[in-house]
Amino acid sequence: MNNTFYKDDYLRKLNSFMMKHLESKKNVNILEFGVRKGISTKIFLDICKNSGSKLYSVDVDDYSNLFNDPNWTFIHTRDDNFNEIEKIIPKKFEIIYLDSYHEPNHVEKIIYHYYPK
């Protein structure tokens with residue numbers, strides 16, 4: 001699989017499943033787990049810029065210098081470091097985007113913890 005196909009397919013999925021949902025929303029909070037190259041982060045930040053929304057991104061790797069945007073808070077930690085993350089994030093989110101560690105037990109743990117938000 002070439003990288004162009006992967007990126008195009010990834011963007012298509014983001015646009016069809018989430019971005020349309022967020023288009024008409026204002027002042028929402030978005031929680032993103034996994035930044036990597038910042039593809040989804042950039043898309044979320046574009047939405048935040050136009051809607052007065054806020055993005056919180058969590059990653060074990062330090063991507064804090066990837067963007068300089070007042071709508072973005074980067075949290076440099078594991079996505080299951082619940083105590084540290086809870087100190088920074090708000091209580092409610094419109095979207096929680098989980099794209100970090102894809103092991104089933106880990107995904108389950110993250111979903112069960114953050115779903116109430």
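I started at D80, which counts as buried because its relative accessibility is 14%, under the 20% cut-off. The model I am reading is predicted.

**Entry: D80 and its partners**

I looked up what D80 contacts, and D80 forms a salt bridge with K109, with 2.8 Å between the closest N and O atoms. D80 sits in the loop between β3 and α3 and K109 in helix α4, so this pair ties together parts that are 29 residues apart in sequence. K109 is partly exposed, at a relative accessible area of 38%. I then followed shared partners and found R78, D80 and K109 joined by salt bridges into one network.

**Entry: other salt bridges**

I searched the whole structure and got 5 salt bridges. One of them links D46 to K42, with the closest N and O atoms 2.9 Å apart. Both residues lie in helix α2, 4 residues apart, or about one turn of the helix. D46 is partly exposed at 32% relative accessibility, and K42 is partly exposed at 40%. I also noted K87 and E84, whose side chains meet in a salt bridge at 3.5 Å, N to O. K87 counts as exposed at 64% relative accessibility, while E84 is partly exposed with a relative accessible area of 33%.

**Entry: strand β1**

I went through β1, residues 29-33, and found 4 of its 5 residues buried. β1 pairs in the parallel sense with β2 (residues 54-59) over 5 bridges. β1 also pairs in the parallel sense with β4 (residues 95-98), here over 4 bridges. Which residues stand across from E32? In β2 the bridge partner of E32 is S57, and in β4 Y97 stands opposite E32.

**Entry: aromatic pairs**

My search of the whole structure for aromatic pairs returned 6. Among them is F33 with Y114, a tilted pair at 4.9 Å centre to centre with 45 degrees between the planes. F33 is in strand β1 and Y114 in helix α4 (residues 104-114), so the pair ties together parts that are 81 residues apart in sequence. I find both F33 and Y114 buried.

Y56 and F93 make an edge-to-face pair, 6.0 Å centre to centre and 90 degrees between the planes. Y56 belongs to strand β2 and F93 to the loop between α3 (82-86) and β4, so this pair ties together parts that are 37 residues apart in sequence. Y56 and F93 are both buried. I also saw K54 over the face of Y56, at 5.5 Å from the ring centre.

**Entry: backbone angles**

N27 has one, of about 50 degrees, and lies in the loop between α1 and β1. R36, in the loop between β1 and α2, has a positive phi near 50 degrees. Most residues other than glycine have a negative phi. N27 counts as exposed at 60% relative accessibility, and R36 is exposed with a relative accessible area of 59%.

**Entry: confidence**

I checked pLDDT last. The chain averages 85, and 84% of the residues score at least 70. Where in the chain is confidence lowest, and where highest? The lowest is helix α1 (residues 3-22), at a mean of 63, and the highest is strand β3 (residues 72-76), at 98. Where pLDDT is low, predicted coordinates should not be read in detail.

Technical notes. Residues numbered from 1 in each chain as written. Predicted model: local features only at pLDDT ≥ 70, side-chain atom pairs only at ≥ 80, totals over all residues. Heavy atoms only, no water. Buried < 20%, exposed > 50% of the residue type's maximum accessible area, 1.4 Å probe, protein only. Helix = DSSP H or I, 4+ residues; strand = E, 2+ residues; numbered from the N terminus. Pairing = 2+ DSSP bridges. Phe/Tyr/Trp six-rings, centres within 6.5 Å; stacked < 30°, edge-to-face > 60°. Lys NZ or Arg CZ within 6 Å of the ring centre and 35° of its normal. pLDDT = per-residue confidence, 0-100. Salt bridge = Lys/Arg side-chain N within 4 Å of Asp/Glu carboxyl O.
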